[in-house]
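Subject: Structure handover

Hello,

Here is the structure I promised to pass on. Please open it first, then read my notes below.

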Amino acid sequence: MSDPAAEPIHQARALRLPLVAELAGSLADQARDQHWSFEDYLAAVLGRQAAAREANGTTTRIRRAHFPRTCTMEDFNWSYQPAAPRQLVEHLATSTFIGNADNVILLGPPGVGKTHLAIALGLKACQHGYSVIFKTAVDWINDLADAHTHGLLAARLADLSRVNLLIIDELGYIPLDADAANLMFQLVSARYETGSMIFTSNLEFARWGQALSDPAVAAAMIDRLIHHADIIALKGQSYRTRTRRTRQDQTQPT
């Protein structure tokens, strides 16, 4: 006698539903033992497959984002940033700002958690099904400059328009020349009201003109960025410096 489960399992594999094929038999036994309805059984089988596919999709999105390290919302040291707008940040972690094509701008001196929050928000976006790319400002400039050199800047900007969230880290740490500033402006302009961006910078807006070598370009870029944006200013001493000094104090002889 042929196995009645063989044909459904074959069909599941043909449809590229490997977990359905793997679990159909064991879940069928469980369904009979526990008197599930047909609907309960179908929901259980498809639910396992959907969860596995979503988990695999999240892993793929995180890999393609190229985060430099893993920083989560859960690991952020709120006690070190008591003035930080925690309620706002936790709302941003729902990723609804991406659906609205809004931006997030994190400002503050080095070591106060800007990059940590940018990565954490990017990870949440990946978990919510959004595509993300993370690069430092310098790496973004190199990316765009290479495309421009090969006559592919428009094509590169079009490719990036299909990415839900771009993260530009450390704007202002290294001054950009006029050509680099123009490339950054084109990236921001291309995504204006169509795609979300997260910027981190050690400079207040009044000093972006110096970093971009052109106050007019800086003003035009800021105008587009902040039109639909949440701006978060972080303050305080560098967490890394503070931690190092604490360790040094602990090792000093008494």
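A polar contact is a pair of N or O atoms within 3.5 Å; within protein, one must be able to donate a hydrogen and the other to accept it, and residues adjacent in sequence count only if both atoms are side-chain atoms. Asp177 shows one: its side-chain oxygen lies 3.2 Å from the backbone nitrogen of Asp179 and caps the N-terminal end of H9.

This is a predicted model, where local features need pLDDT of at least 70, side-chain atom pairs need 80 or more, and totals for chains, interfaces and linings use all residues. Residues are numbered from 1 along each chain as its sequence is written, and side-chain values use heavy atoms, without hydrogens or water.

Helices (H or I, at least four residues) and strands (E, at least two) are DSSP runs, numbered from the N terminus.

Now H9 itself. Its buried residues (under 20% relative accessible area, 1.4 Å probe, protein chains only; exposed is over 50%, partly exposed in between) include Ala180, Leu183 and Phe185. Just after H9, Glu193 has a positive phi of about 60°.

Next, its partner. The axes of H9 and H11 (lines fitted to C-alpha atoms over the stretch in contact, with angles from 0 to 180 degrees between N-to-C directions) come within 10 Å and cross at roughly 20°. Contact (heavy atoms within 4.5 Å) involves Met184 and Val188 of H9, among others, and residues of H11 including Met221.

His66 has a phi near 60° and is exposed, at 55%. Ala101 also has a phi near 60°, but Ala101 is buried, at 12%.

Best wishes
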